[in-house]
Amino acid sequence: MNINLDFATIFERWPAFLDGALLTLQLAFIATLLGTVIGVLGAIGRRSHHPIVSRICGIYVESIRNTPLLVQIFLVYFGLASLGLKFSAFAVAAAALTINVGAYTTEIIRAGFDSIPRGQIEAAEGLALSRAQIYWHVVMWPAIEKVYPSLTSQFVLLMLASSVTSQISAEELTAVANYVQSDTYRAFETYILVALVYIVLSLVMRAGFWLLGLVIFPRRRRLGTPL
Amino acid sequence: MGGSLNANHLMFLGYGALWTIGLSLIGLLGGGIAGFIIALCRISPSRIVRLLSAGYVQLIQGTPLLVIMFLTYFGLPTLGITVSPLTAAGASLTIYVGAYLGEIWRGSIESVPKPQWEAAEGLALSRSQRMVKVILPQAVRIATPPTVGFMVQIIKNTSLASVVGFVELARSGQIINNSLFEPFLIYTIIAVIYFALCYPISLISRRLEMRSGPARLSLGTA
């Protein structure tokens, strides 16, 4: 067996890897932002007293959570194309990732909503807060604060899962790696490097979420509760 | 256009579905063994063993499964080791599942109340006796709901084996689509088959969780 590793050739391509990593972060950012919005709306929908609304939200969550992301991406990308709707690979990737992560955030945020004690809502009613005020101050923020750690782990997992969008040639990190390895024939070195970049990205994301948590949940900082 | 969907295509999809189940079992078995070792290493009395296993978990949980697949299938031949798609996919899943199950099981072992350890120690049981006779039986009960839940992730993740040319459900769908050009129909059928495989397991996992008290949030994408 003849092992000679040549990382220099791979390092020369660093601008391409940087572009790919930035695109991966962009995808993660869009899906995190929109996924949170979907999650809050979906969680409200699942708890709705209107049977049709809660049913639709339930079907959305279960159908997404029980099918692979790869198949969802293919369905959106090739399905829309067969209807004559042409979107860029990036737009489809962002949309598919958002739809995917939205189902998971819906479940996580719903669990947060369910964990708010009934007494707190009754107390807020007793203080004559309006329904909207109660939802905002007493249910939503405390709920998100409670599930913030699971929510952020989910978003880090989503960033890693965005690698799957390389299959519809969105030019993110994994797609760049595929291109570089077929160009240089140094597959092992390429994928080792890319794995390291993903590890760095997930560390950066975790640190970012931790800092964000300190900013948006100041109460937590005062109480000294670890995030 | 290449004709319409017929019985042969459905047979081919069924064959792919069987390989998806087979690969899931390989991932569950291989990943289960790896995960058990990792879980034991994570709570080992030796500091260096704990650090090494923690490092393994951090590395794998920070890397996409797809990149691990590429690394084993395209990377190893660069080093002069050729692997078949089945070996590459099975090995990648084992490495990946091992890290996640290892963490799930470590958590379960650690959530066995501390006095149980002390009581077993008080009965003069050795460390391995304490583990096998007192701690593990209780940990297994705690670990069952999240482990069943994680099986859904394993099944869904086998779809990534399609990228190294392994013909499981997702890949067989792609192959049929290449000749029929009916993406909506074919990928919907594929999605329905995956759903039929995963949803019953999700239901079982939820029932187990409800029975065992506080519901856990199962994480996962892909």
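These legends describe close-up views of a predicted model.

Residues are numbered from 1 along each chain as its sequence is written, and chains are lettered from A in the order in which they are written.

**View 1. Chain A, a chain of helices.** Chain A has ten helices and zero strands. Helices are DSSP runs of H or I with at least four residues, strands are runs of E with at least two, and both are numbered from the N terminus. The C-alpha atoms fill a box of roughly 75 × 50 × 30 Å along the principal axes. Of the 227 residues in chain A, 49% are buried. Buried means under 20% relative accessible area, exposed means over 50%, and partly exposed lies in between (1.4 Å probe, protein chains only). Contacts are heavy atoms within 4.5 Å. Among contacts in chain A between residues at least 6 apart in sequence, 78% join residues at least 24 apart.

View 2. An unreviewed UniProt entry marks residues 20-45, 74-97 and 191-217 of chain A as "transmembrane region". UniProt positions follow the numbering used here, feature names are shortened, and annotations may be inferred rather than shown by experiment. Residues 20-45 of chain A are 100% helix, with end C-alpha atoms 36 Å apart. Residues 191-217 of chain A are 96% helix, and their end C-alpha atoms are 38 Å apart. UniProt also places "domain: ABC transmembrane type-1" (unreviewed entry) at residues 21-209 of chain A. Over residues 21-209 the chain is 83% helix and 0% strand, and the end C-alpha atoms are 18 Å apart.

**View 3. An aromatic cluster with members from chains A and B.** Phe74(A), Tyr77(A), Phe78(A) and Tyr187(B) form one aromatic cluster. Over all chains, the structure holds 17 aromatic pairs. The ring centres of Phe74(A) and Phe78(A) are 5.5 Å apart and the planes stand at 45 degrees, so this pair is tilted. Rings of Phe, Tyr and Trp (its six-membered ring) pair if their centres lie within 6.5 Å; planes under 30 degrees apart are stacked, over 60 edge-to-face, and the rest tilted. Phe74(A) and Phe78(A) sit four residues apart in helix H4 (residues 69-82) of chain A, about one helical turn. Phe74(A) is buried at 2% relative accessible area, whereas Phe78(A) is partly exposed at 29%. Phe78(A) also pairs with Tyr187(B): the centres are 6.2 Å apart and the planes at 25 degrees, so the pair is stacked. Tyr187(B) lies in helix H8 (residues 183-211) of chain B and Phe78(A) in H4 of chain A, so the pair joins two chains. Tyr187(B) is buried, at 2% relative accessibility.

**View 4. The interface of chain A and chain B.** Here 52 residues of chain A are in contact with 43 residues of chain B. The two chains bury about 4,000 Å² between them, 73% of it on carbon and sulfur atoms. Buried area is the accessible area (1.4 Å probe) that two parts lose on being put together, summed over both. One salt bridge crosses this interface. Glu62(A) and Arg206(B) meet in a salt bridge through their side chains (2.7 Å, N to O). A salt bridge puts a side-chain nitrogen of Lys or Arg within 4 Å of a carboxyl oxygen of Asp or Glu. Elements giving two or more residues to the side of chain A that touches chain B include helix H3 (51-65), H4 and helix H9 (187-216) of chain A. H9(A) gives the most to that side, with eleven residues.

Technical notes:
This is a predicted model: local features need pLDDT of at least 70, side-chain atom pairs count only at pLDDT 80 or more; totals for chains, interfaces and linings use all residues. Side-chain values use heavy atoms; hydrogens and water are left out.
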